[in-house]
Amino acid sequence: MTNNKFAAVADVIRNRRSVGGAKMNGQKIADETVMELLELAHWAPTHGRTEPWQFFVYTGEALLQFGLDHGNLYWNNTPEETRMQSIKEKLENNIKKVSHMVVSVMKRGTNEKIPHIEEVAAASAAIQNILLGASAQGIASFWSTGGMTLKPAMKEHLGLGSEDVVLGLIFLGYTDEPTKPGVRNSTPADKVKWMN
Ligand SMILES: Cc1cc2nc3c(=O)[nH]c(=O)nc-3n(C[C@H](O)[C@H](O)[C@H](O)COP(=O)(O)O)c2cc1C
């Protein structure tokens, strides 16, 4: 028996692909569409209804400024012997053709009964909702943890608390590139053990 709902969801999940910021074309997504994606994020499951996510959306001038700030964070927090001008410039420039960037954070709430890892898991599920919604809308997306994303300096820059976690920078935009085939190193069966 065919189940159209399953087929539609499966198609979106299988065909979502990461598309780097450099492969985006600069075309703007409507803010309302981005908000619709963030509304999907809000339907992720959580233990104890903690809803432990927070999103900082950057676009336009604010996004360009974020790129500059990211480059400076890298420069100011990397030892002189190892820091590279090319990396600074990449961090400044790789957002230039991105429409919106969503800094996605696990924001720790006050319910200490819920373990930290569960809140990271829930907020990660929220991010996947964004990516899948984007894919269904024909929007290219990329989950990046590059540069300073996971470093304490980024948390400080965003004014986050010690228990909060920056999970990634989610780049959203449009692309003219054809979709690349998905690659996986293993089969689903490799990851599954059945106990009968
Ligand atoms: C938590 C997380 C962090 C990631 N960070 C990066 C990153 O910093 N740089 C990068 O090239 N890709 C990053 N990716 C994207 C992966 O490279 C990508 O998902 C993987 O290659 C599979 O490709 P697909 O998403 O098109 O299926 C990240 C993905 C996840 C889930």
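Predicted model: local features only at pLDDT ≥ 70, side-chain atom pairs only at ≥ 80, totals over all residues.

Visitor: Where is Trp 143 found, and in which strand?
Guide: Trp 143 belongs to strand 3, which covers residues 140-144.

Visitor: And which residues does Trp 143 touch?
Guide: Setting aside residues up to four places away in sequence, Trp 143 touches Ser 18, Ile 127, Leu 131, Gly 168 and Ile 170.

Visitor: Which residues surround the ligand?
Guide: The ligand has around it Arg 17, Ser 18, Trp 143, Ser 144, Thr 145, Gly 146, Gly 168 and Gly 182. Two of the contacts of Trp 143, Ser 18 and Gly 168, therefore belong to this shell as well.

Visitor: How many of the shell residues are nonpolar, polar and charged?
Guide: The shell divides into 1 nonpolar, 6 polar and 1 charged residue.

Visitor: What does UniProt list as "binding site"?
Guide: The unreviewed UniProt entry lists Arg 16, Arg 17, Ser 18, His 47, Trp 143, Ser 144 and Thr 145 under that heading. These positions spread over 130 residues of sequence, and in space they are up to 28.5 Å apart between C-alpha atoms.

Visitor: Let us take Thr 145. Where does it lie?
Guide: Thr 145 lies in the loop between strand 3 and helix 6, the latter being residues 152-158.

Visitor: Why does Thr 145 count as exposed?
Guide: Thr 145 counts as exposed because it has 11 C-beta neighbours inside 10 Å, and the limit for that class is 12 or fewer. Apart from neighbours within four places in sequence, Thr 145 is in contact with Leu 150 and Gly 168.

Visitor: A change of topic: which residues of the largest nonpolar core touch the most other members?
Guide: They are Met 101, Ile 127, Ile 130, Ile 170 and Leu 172, in a core of 36 residues. Two or more residues each come from helix 2 (31-41), helix 3 (60-76), strand 2, helix 5 (116-136), strand 3 and strand 4 (165-173). Helix 5 gives the largest share, 7 residues.

Visitor: What does Leu 172 touch?
Guide: Not counting residues up to four places away in sequence, the contacts of Leu 172 include Ile 29, Val 34, Val 98, His 100, Val 102, Ala 134 and Ile 139.

Visitor: What is phi of Arg 49?
Guide: Phi of Arg 49 is near 50°, a positive value in a residue other than glycine. Most residues other than glycine have a negative phi. Arg 49 sits in the loop between helix 2 and strand 1 (53-59), and it is exposed, with 11 other C-beta atoms within 10 Å.

Visitor: And what is phi of Glu 51?
Guide: Phi of Glu 51 is near 45°, again positive in a residue other than glycine. Glu 51 is placed in the loop between helix 2 and strand 1. Glu 51 is partly exposed, with 17 other C-beta atoms within 10 Å.

Visitor: Where does UniProt place the feature "domain: Nitroreductase"?
Guide: The unreviewed UniProt entry places that feature at residues 13-174. The span is 42% helix and 17% strand, and its end C-alpha atoms lie 18 Å apart.

Visitor: Finally, what pLDDT does the chain average?
Guide: The chain averages a pLDDT of 97, and 99% of the residues score at least 70. For the complex, the predictor gives an ipTM of 0.98 and a pTM of 0.97.

Notes
Residues numbered from 1 in each chain as written. Near = placed C-beta within 6 Å. Nonpolar A, V, L, I, M, F, W, Y, C, P; charged D, E, K, R; others polar. UniProt positions renumbered as here; feature names shortened; annotations may be inferred. Helix = DSSP H or I, 4+ residues; strand = E, 2+ residues; numbered from the N terminus. Contact = placed C-beta atoms within 7 Å. Buried ≥ 20, exposed ≤ 12 C-beta atoms within 10 Å, placed from the backbone. pLDDT = per-residue confidence, 0-100. Core = buried A, V, L, I, M, F, W, Y, C linked by C-beta atoms within 7 Å.
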